[in-house]
Amino acid sequence: MHGEVDLLFVYGTLMPGDVAWHLLQPHVTGEPVPAHVPGALHDTGLGYPALCAGDANVPGWTVRLRSPATALTELDAYEGAEYRRVRVVDSTGALCWTYLWCAPTDGMPRLPNGW
């Protein structure tokens with residue numbers, strides 16, 4: 001089942017034009033699609049955001065991965081232990097992977113307009 005999902009929703013440093021896009025770009029096929037997912041975005045204060053469960057719309061991009069197994073292995077390592085990869089449905093109705101923050105958000109301000 002996991003191998004069937006070849007889309008990834010990104011909302012922070014992996015977005016096109018942001019500081020870590022260069023890590024994702026070689027794995028992307030086609031054009032990124034603007035989208036959003038339900039959640040709450042927080043500023044970690046560390047130069048990257050944290051996506052948590054919530055009822056707001058978090059803006060970002062959905063990209064198609066050329067080789068999901070290879071890309072996701074690399075991205076899992078980049079995201080680290082503070083994030084957990086989960087499947088979500090984006091605003092276009094597509095099933096995608098994204099990275100959900102799994103550490104506390106105490107004291108982290110909300111980012112109501114995205115990263």
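Modeller: This is a predicted model, and its protein exposes about 6,000 Å², of which carbon and sulfur atoms supply 55%. Of the 115 residues, 43% count as buried.

Biologist: What makes the radius of gyration agree with that of a compact globule?

Modeller: For 115 residues, a compact globule would have a radius of gyration near 13 Å, and the protein has 13 Å, so the two agree. Along the principal axes, the C-alpha trace spans about 40 × 30 × 25 Å. As for the contacts with a separation of 6 or more, residues 24 or more positions apart account for 65% of them.

Biologist: Which pattern do the helices and strands follow along the sequence?

Modeller: There are 2 helices and 5 strands, and they follow the pattern β-α-β-β-α-β-β when read along the sequence.

Biologist: How many aromatic pairs does the rule give, and why is the pair of Phe9 and Tyr11 called stacked?

Modeller: The count comes to 3 aromatic pairs. In the pair of Phe9 and Tyr11, the ring centres are 6.4 Å apart, which is set against a limit of 6.5 Å, and the planes meet at 25 degrees, so with a cut-off of under 30 degrees the pair is stacked.

Biologist: Why do Phe9 and Tyr11 count as buried?

Modeller: The cut-off for buried is under 20% relative accessible area; Phe9 has 1% relative accessibility and therefore counts as buried, and Tyr11, with 6%, counts as buried too.

Biologist: What makes the pair of Tyr48 and Tyr83 tilted?

Modeller: Tyr48 and Tyr83 have their ring centres 6.4 Å apart and an angle of 55 degrees between the planes; because stacked needs under 30 degrees and edge-to-face over 60, the pair is called tilted.

Biologist: Are Tyr48 and Tyr83 buried or partly exposed?

Modeller: Tyr48 has 24% relative accessibility and so counts as partly exposed, whereas Tyr83, at 9%, counts as buried.

Biologist: Why is Trp61 called partly exposed, and which residues is Trp61 in contact with?

Modeller: Trp61, which lies in strand S3, has 29% relative accessibility, and because this value falls between 20% and 50%, Trp61 counts as partly exposed. Leaving aside neighbours within four places in sequence, Trp61 is in contact with residues including Leu8, Phe9, Val10, Met15 and Pro16. The C-alpha atoms of Trp61 and Met15 are separated by 6.5 Å, although the two residues are 46 residues apart along the chain.

Technical notes
Residues numbered from 1 in each chain as written. Predicted model: local features only at pLDDT ≥ 70, side-chain atom pairs only at ≥ 80, totals over all residues. Heavy atoms only, no water. Helix = DSSP H or I, 4+ residues; strand = E, 2+ residues; numbered from the N terminus. Rg over C-alpha atoms; globule rule 2.2 N^0.38 Å. Buried < 20%, exposed > 50% of the residue type's maximum accessible area, 1.4 Å probe, protein only. Contact = heavy atoms within 4.5 Å. Areas by Shrake-Rupley, 256 points an atom, 1.4 Å probe, with all protein chains shown as cover. Phe/Tyr/Trp six-rings, centres within 6.5 Å; stacked < 30°, edge-to-face > 60°.
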